[in-house]
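Me: Hi! Could you walk me through this structure in plain words?

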Amino acid sequence: ALAGLAALVRARWAELALAAAVAGAIGVDLRAAAVGPATIGLAALLAGLAIGRLAAMIRLASGQAITGATIGALALVPPAWTALAHRTPAPAPAPHIGQASR
């Protein structure tokens, strides 16, 4: 994500808008003292930008596609695996007391 953030040095409107969104998300997180979903989403976007720039260094188009897909999978699988491994089970339903008298 930091490598993708370094790609925002060109002064175009899209880069300026993304840089403003990153600055706003960081400001909100500092105020809340916790990482929010907007920051996680922006980090994912910037990581994708960094992966695209890395894959663009390869001259063959098929090599770019393979590199982008491989690095994308390597960036996606560990957090998804962790989220699935550490999910909390659903709470047990309350016991049914049927026609119990009060």
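Predicted model: local features only at pLDDT ≥ 70, side-chain atom pairs only at ≥ 80, totals over all residues.

Me: Which residues of α2 are buried?

Reply: E15, L18, V22, A25 and D29. Buried means under 20% relative accessible area, exposed over 50%, and partly exposed in between (1.4 Å probe, protein chains only). Helices are DSSP runs (H or I, at least four residues), numbered from the N terminus.

Me: Where do they sit around the axis of α2?

Reply: They fall within an arc of 90°, so they line one face of the helix. The arc is taken from the directions from the helix axis to the C-beta atoms. On the other side of α2, W13, A20, V28, L30 and R31 are exposed.

Me: New topic: which residues make up the largest nonpolar core?

Reply: L18, V22, A25, L42 and L46. Such a core is a set of buried Ala, Val, Leu, Ile, Met, Phe, Trp, Tyr and Cys residues joined through side-chain atoms within 4.5 Å. Its largest share, three residues, comes from α2.

Me: And what does D29 touch?

Reply: Not counting residues up to four places away in sequence, D29 touches A34, V35, G36 and T39. Contact means heavy atoms within 4.5 Å.

Me: Where is A47, by the way?

Reply: A47 lies in helix α3, residues 37-55. At 25% relative accessibility, A47 counts as partly exposed.

Key
Residues numbered from 1 in each chain as written. Heavy atoms only, no water. Helix = DSSP H or I, 4+ residues; strand = E, 2+ residues; numbered from the N terminus.
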